[in-house]
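Q: Hi! Could you walk me through this one before I set anything up?
A: Happy to, let's take a look together.

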Amino acid sequence: MLLTRRPRALYAAFDRFPTRKGASAHIARFAPALFEEFGGGLLYVLGDERLPVHQVEDDVEIVRFSTPLPNFLERAVAFGEHLARLLDEAEDGLEICHFRDPWSGVPILERHHRYATVFEVNALPSIELPYAYPSIAPRTLEKVQAAERFCLEAADRIVTPSRTTRDLLVSGGIPASKVDVVPNGADPVPPLPRPFEAPDEYLIYFGALQPWQGVDTLLGAFARLADLETLRLVVCGSGRSRQARAAEKRAEKLGIAGRVLWRWELPSSELEPWLGNALLSVAPLRACSRNVEQGCAPLKILESLAAGVPVVASDLPPVREIVTDGVEGRLVAPDRPADLARAIRLLLHLPEHRARMSAAARERAARDFTWDRSLDLLKGVYRSLRSRAAAPSHTKPNAEDQHVRGSQGVQIALA
Amino acid sequence: MSGCECKSGFFSLRDCDGAPASSCSACGRAVCTRHLSPASGFTECLDCHARAAQQPEGEPGAKGAAPAGEAPLDDEWTYGARHRFYSSGYAPIYAGSRHSTYYDSYDTRSFDETDSGGSEAEEPAAGFGDS
């Protein structure tokens, strides 16, 4: 026996939880909404040596896959295999399974099942993994893409935070009727005292430092603002990764190391005062396939709006869904440090303009991007699926399917 | 014994501190009734019981693992032993996920950290959204 009770709902994510990453913040919102609708459930996530492996919290059971496997794919496959074992035990009582990635989705979808399924697409591994693993083999990427495709086609419903992502899925043949946009949200941040070590005037960048975030562009832009002697750049990174260390080196190379303050893994209670007292928040996203084709819904932009901090961001389709140029901030051509520097300089010289943007930002966040609104939309998706829970098996593989598919065994022909 | 040494909470974890009922036979921590595993017959904490269930069969610590000093001749044990041997630095042969035939050793080599171009995913336990 792996579980202490029989869950009616499962939320599965190949992500560590809880952490200070955006994925974790998302899980912390969505999983409780699912469990609220179904009277509790099972949360299956990734753990590490510091996190409990098994928790029972009132009507929620949490299982963290914690076997230390250094290879990402080996870890992902083992994660899915353990999920299959949990499903063996739990599937009779399950009414719904919500998952965030194909490593969770394949074990959920490939078996005969009566439960409804929701695929939450925040990102597609076939697009994002090559950034993290540039040497990924084309054949391997095809397999990842096939698994993704299988999940997109077999899931009853798909939710995604970005219209750009929805358009990509629909253009790939997924029926628009089964894709719902559930935007990310942000809690309003009241005015907060300035952190004692904060400079008088500073820009802020916060979040992870993956290549698609464009932090290089920001550092290049900041180097062009050297004449603004009192201005500082504060970078609040979600983890001191190899890329974070590379960014620090880049700042040194540009001669701006003394004007950049680095802060790592701040809890939200410490990050919010830094954010709320910044002159501007910068989101210099690159014009790459991850941002332009796949889409994204950067929490950093939403949280900046909710804190009333004007945003200077890259002019990309998913960003336009959140920020209107000249209203809550400025949108500038991506990957152009000179353009970014010019937009920042202009706003720094227009305090009244910034004040108007700040008010507009708070208003926009309160109107369009609250978690309450997002969770209402999500619960609407769950409710529409409830009646299907008692319907006959959703997956009816034939004999050939059963022969070809093993655990994680998606047919490549689906690609 | 002071309070239960297990963790509680959903997004914010804290010490349970419940009244200890026993100590875990695997890790020795003081554990309250809420954190004792019913499936273990209330002898292990939930964490230890779940951790053992996640070990590949035949690995040390797994349920039904071979006794120390013995080398049973079943396939599962052989796979586990071979994986440990090859992952000890001798050769990059992958035999970890016995039940999976979808991804093979050629696929997993793409994700060896030494071959990656550097990423947030360098953290040893990172998942997809952590990248």
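Q: Which elements of chain B have the lowest and the highest mean pLDDT?
A: In this predicted model, helix H2 (residues 75–90) of chain B has the lowest mean pLDDT among that chain's elements, at 51. The highest belongs to strand E4 (residues 30–31) of chain B, with 94.

Q: And what is the mean pLDDT of chain B?
A: The mean is 71, and 53% of the residues of chain B reach 70 or more.

Q: Hmm, where does pLDDT stay under 50 in chain B?
A: One such stretch is residues 66–73 of chain B, for which the model has 4 contacts beyond four places in sequence. Another is residues 115–121 of chain B, and there the model has 27 contacts beyond four places in sequence.

Q: Good to know. What does the model score for ipTM and pTM?
A: The ipTM is 0.81 and the pTM is 0.85.

Q: Switching to chain A: how many strands form the sheet, and in what order?
A: There are 8 strands in an open sheet, ordered E3-E4-E2-E1-E5-E6-E7-E8 (chain A), with mixed pairing. Strand E3 (54–57) and strand E8 (179–181) of chain A are the edge strands, each pairing on one side only. From one strand to the next, the twist averages 20°.

Q: Parallel or antiparallel for E2(A) and E4(A)?
A: Strand E2 (residues 41–46) and strand E4 (residues 60–65) of chain A run parallel, joined by 6 bridges. In that pair, Gly41(A) stands opposite Val60(A) in E4(A).

Q: Nice. Which helix of chain A packs on the sheet, touching E8?
A: That's helix H15 (residues 371–386) of chain A, which touches strand E5 (96–99), strand E6 (116–120), strand E7 (157–160) and E8 of chain A. The direction of H15 makes about 180° with that of E7(A).

Q: And from chain B, what lies across E3 and E4 of chain A?
A: Helix H1 (residues 46–54) of chain B does, running at about 130° to E3(A).

Q: Last topic, helix pairs. How do H2(A) and H3(A) cross?
A: The axes of helix H2 (residues 72–90) and helix H3 (residues 102–110) of chain A come within 8 Å and cross at roughly 35°. The crossing is right-handed.

Q: Which residues meet there?
A: From H2(A), Ala76(A), Phe79(A), Gly80(A), Leu83(A), Ala84(A) and Leu87(A) take part. They meet Trp103(A), Ser104(A), Val106(A), Pro107(A) and Ile108(A) in H3(A).

Q: And how many of those are nonpolar, polar or charged?
A: The contact of H2(A) with H3(A) has 9 nonpolar and 2 polar residues, and no charged ones.

Methods. Residues are numbered from 1 along each chain as its sequence is written. Chains are lettered from A and ligands numbered from 1 in the order in which they are written. This is a predicted model: local features need pLDDT of at least 70, side-chain atom pairs count only at pLDDT 80 or more; totals for chains, interfaces and linings use all residues. pLDDT is the predictor's confidence in each residue, from 0 to 100. Helices (H or I, at least four residues) and strands (E, at least two) are DSSP runs, numbered from the N terminus. Two residues are in contact if their C-beta atoms, placed from the backbone, lie within 7 Å. Axes are lines fitted to C-alpha atoms, for helices over the stretch in contact, and angles run from 0 to 180 degrees between N-to-C directions. A crossing is left-handed if the near helix is turned anticlockwise from the far one by less than a right angle, and right-handed if clockwise. Ala, Val, Leu, Ile, Met, Phe, Trp, Tyr, Cys and Pro count as nonpolar, Asp, Glu, Lys and Arg as charged, and the others, Gly among them, as polar. Two strands pair if DSSP finds at least two bridges between them.
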